[in-house]
Structures are given as structure tokens and as C-alpha cells.
Amino acid sequence: MAWLVLFIAGLLEVVWAVGLKYSDGFTRLWPSLFTIVTMLLSFWLLGLAMRSLPVGTAYGVWVGIGAVGTVIYGIMFLSEPAGFIRMLSVGLILTGIVGLKVST
């Protein structure tokens with residue numbers, strides 16, 4: 001159950017990271033509120049997952065899901081580049097996430 005909670009927390013990290021872009025430096029009310037709410041929910045779920053998962057593993061996986069998800073969102077919806085080195089780097093992050101999961 002902790003892994004599912006951690007996965008959802010990671011997905012919410014993607015949501016709030018993207019929300020930061022749309023909040024325009026917290027100058028737009030509704031995107032800013034949405035971003036803050038998803039931040040709080042993501043942190044809360046991360047804290048729940050850390051009740052039974054090692055802190056280094058939980059935090060590393062949470063950050064990794066957020067980083068990979070945000071890069072993929074940027075490529076798919078914001079016309080960000082998807083060059084070889086960038087995608088290789090995403091693959092390395094995914095490898096790290098899997099390694100942390102397997103070693104826990």
C-alpha cells in the first residue's frame with residue numbers, strides 16, 4: 001500500500017510542478033491555489049509512505065517520478081525537446097527508481 005501512496009504522491013508532484021508554470025510565478029490566483037493544494041497533498045502522501053518505507057528510498061522515488069513525469073509532460077504538451085541525451089537521462093532516472101524499489 002505504501003508504494004501505491006508513494007506513486008500517487010509522485011504523480012501529484014508532476015501536477016504541482018506543471019502548475020508552477022501556469023501560476024506564472026504565483027501571480028494567477030486559480031492556478032496558484034491549485035498548485036499549492038496539490039503540493040500539500042503530494043507532501044502529505046509522501047509522509048504517509050515514509051511511515052513504512054525508508055526515507056531515502058521514498059524521497060528518491062518521489063523525486064524521480066516527479067522529474068520523469070514533468071519532462072514527459074513538457075515534451076508532449078509544451079514542445080520541449082526530446083533529444084537523445086535527454087531521453088537517455090530520463091531512462092537513467094527510471095533505472096534508479098526501479099533499483100530503489102528492488103533494493104527495498
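The dialogue below goes through features of a predicted model.

Q: What is the mean pLDDT of the protein, and which elements have the lowest and highest means?
A: Where pLDDT is low, predicted coordinates should not be read in detail. Here the mean for the protein is 97, and 100% of the residues reach 70 or more.

Q: How many helices and strands does the protein have, and what pattern do they follow along the sequence?
A: There are 4 helices and 0 strands. The pattern along the sequence reads α-α-α-α. Helix α1 takes in residues 2-23, and helix α3 takes in residues 55-77.

Q: What are the overall dimensions, and how much of the protein is buried?
A: Taken along the principal axes, the C-alpha atoms fill a box of roughly 40 × 35 × 15 Å. Of the 104 residues, 33% are buried. The accessible surface comes to about 6,300 Å², and carbon and sulfur atoms account for 77% of that area.

Q: What share of the contacts joins residues at least 24 apart?
A: Counting contacts between residues at least 6 apart in sequence, 63% join residues at least 24 apart. Isoleucine 72 belongs to helix α3. Isoleucine 72 counts as partly exposed because its relative accessible area is 35%, between the limits of 20% and 50%.

Q: Which side chains meet in a salt bridge?
A: Side chains of opposite charge can pair when their charged atoms come close. In this model the count is 1 salt bridge. The side chains of arginine 86 and glutamate 80 form a salt bridge, with an N to O distance of 3.2 Å. Arginine 86 is partly exposed, at 28% relative accessibility, and glutamate 80 is partly exposed as well, at 30%.

Q: Where is glutamate 13, and what does glutamate 13 touch?
A: Glutamate 13 is in helix α1. Leaving aside residues up to four places away in sequence, glutamate 13 touches Ser42, Trp62, Val63 and Gly66. Glutamate 13 is buried and has no salt bridge. The nearest side chain of opposite charge is that of arginine 86, 14 Å away; a salt bridge would need a nitrogen within 4 Å of a carboxyl oxygen.

Q: Which residues make the nonpolar surface patch?
A: The patch is made by Met1, Leu4, Phe7, Ile8 and Leu11, and its area is about 520 Å². Methionine 1 lies in the segment before α1. With a relative accessibility of 77%, methionine 1 is classed as exposed, since the exposed class begins over 50%.

Q: Where are aspartate 24 and serine 79, and what is the phi of each?
A: Most residues other than glycine have a negative phi. Aspartate 24 has a positive phi, near 55°, and sits in the loop between α1 and α2. Serine 79 also has a positive phi, about 55°, although it is not a glycine. The loop between α3 and α4 holds serine 79.

Q: Why does serine 79 count as exposed?
A: Serine 79 counts as exposed because its relative accessibility is 70%, and the class requires over 50%.

How values were computed. Residues numbered from 1 in each chain as written. Predicted model: local features only at pLDDT ≥ 70, side-chain atom pairs only at ≥ 80, totals over all residues. Heavy atoms only, no water. Helix = DSSP H or I, 4+ residues; strand = E, 2+ residues; numbered from the N terminus. Buried < 20%, exposed > 50% of the residue type's maximum accessible area, 1.4 Å probe, protein only. Lys, Arg positive; Asp, Glu negative; His and termini not counted. Contact = heavy atoms within 4.5 Å. Patch = residues over 30% accessible without salt bridge, like charges linked within 9 Å, V, L, I, M, F, W, Y side chains within 5 Å. Areas by Shrake-Rupley, 256 points an atom, 1.4 Å probe, with all protein chains shown as cover. pLDDT = per-residue confidence, 0-100.
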